[in-house]
Amino acid sequence: MSRKSQSLATRLTRMNLLVSGAVLLIAAMAFFSYDVFSFRQSLLRALDAQAQIIGENSVSALTFNDQESATATLASLKDSPDVLAATLETNNGAVFARYGENVAMGGKAQSLAVGEKDRAWSLGLRVVLAHRIMFQGKSLGVVYVAAQYLAIALVILLFCMLAAIFISGASRRLIAEPIIALADAAETVSRERDYTVRAEIDSDGSEIGVLVGAFNAMLDQIEERDAKLNEARADLELRVEERTAELQAANRELEAFSYTVAHDLRGPLDAISGIAFLLLNSGSGDDPNVRTMLEQLKTSTAHMGSLIDDLLNFARASTTVVRSAPVDLSAMARAIVSELKATDPQRAVDVTVQEMPELMADAGLMRVVMDNLLRNAWKYSSHHATACIEVGAIQTFRADGSPGKLVYFVRDDGAGFDPARMEKLFQPFSRLHGKSEFPGTGIGLATVQRILARQGGSIWAEGAIEKGATFFFTVE
């Protein structure tokens, strides 16, 4: 039985005892009041009669100093169950004979005064009556009789308390145990989430029976709704799995189509570029108009080649299997910067690459990330006479002071961007600058975002127009 159940049973028992005790206390007070005005007077009258008889029978014993006879006379009180003790004293207060318990009779404070024949007083739960023995107008002594007139009340009170305990146990079985069983069932349902549990209690149409019936009916409704909810959840999960499989298949087909188209375009494009190169280096390139058209054709094929490369990288960002291994971003960044300087050696660009700790990531995909970010920094700072590019990492800390994520960044002091249009930075084919101002396909940053997301990371940017831009990214 749980602590709550025991508490309920204990409280009911205490409540019953409290009510019963209060009733008994009131009854006892009434009984005592009645006893004071009725039973006590009746008892005193009986004691007075017995004292007079003992006094008359003790005259000769006191006259002739016969203590044995006096003791025998007092012994006759054994037939009176209410009498606890009796004492026969001489006029000078000496004990002449005694019967029963050696109980105090009150001492001189309650002794008879000169000329007083009878007196009664209480000592605790006892009542004492004193009667002066007279013979021929002279006092021979005093007889004291003590009786316990509250014994009957105490017996009745004890009996009533036992009856109250018995009734409390019965009421506990009738009231507390059904409620305890109901509480145990509710606790089981709450703890185990088992709505098949029922409160098995015999109901007799009482309020407790109605409560148990309502509780079981509520569980029936919850069980029915839970079953329907589980059925709906299972059906929803099945549909989600089906739709997910269909979506994944469609994505794979789309990515395969994009990869195939981009790959198949490479062959004809290479042929066109080769023909344009041959024509430029042959006699056909002597005509200025023809040469201009061939130059435009060469530029267009180069742009088309870049677009195809970006499309291939974008497709690989979703299809390539990620293989984590230690990656040295510092060495990777320096290699890319060397390639950029080789393609445009006349530019004055100050590039700083910090020493960064190795990270666990896919080396091929991280090469695409760093290549796109550094080429963007190189490109968008090309309109400045001198440029600065910085690559590094920042250690973040949690609220409790422990080390958090390592945030990598690529910073430049180039054209920057309008912060209000930042959401378009990572959208495919979305550009914040015109093609005439800065060439490009608008796929690079979208590819970077997809690669980092596949590795549990993210990317964001800060910048302002003509104040440069900083791209931050993390990798889990």
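**Salt bridges and strand pairing in the predicted model**

At a relative accessible area of 29%, R411 is partly exposed (buried, under 20%; exposed, over 50%; partly exposed in between; 1.4 Å probe, protein chains only). R411 forms a salt bridge with E390, with the closest N and O atoms 3.1 Å apart (a side-chain nitrogen of Lys or Arg within 4 Å of a carboxyl oxygen of Asp or Glu). Because E390 belongs to strand β9 and R411 to strand β10, the pair ties together parts that are 21 residues apart in sequence. E390 is also partly exposed, at 25%.

The structure is a predicted model, in which local features need pLDDT of at least 70 and side-chain atom pairs count only at pLDDT 80 or more, while totals for chains, interfaces and linings use all residues. Residues are numbered from 1 along each chain as its sequence is written, and side-chain values use heavy atoms, leaving out hydrogens and water. The average pLDDT (the predictor's confidence in each residue, from 0 to 100) is 78 for the chain.

Strands β9 (residues 386-397) and β10 (residues 403-412) run antiparallel and are joined by eight bridges (strands are DSSP runs of E, at least two residues, and helices runs of H or I, at least four, numbered from the N terminus; two strands pair if DSSP finds at least two bridges between them). A393 has Y408 as its bridge partner in β10.

Ten salt bridges are found in the whole structure. One of them joins the side chains of R375 and E339 (3.9 Å, N to O). R375 lies in helix α8 (residues 363-380) and E339 in helix α7, so this pair links parts 36 residues apart in sequence.
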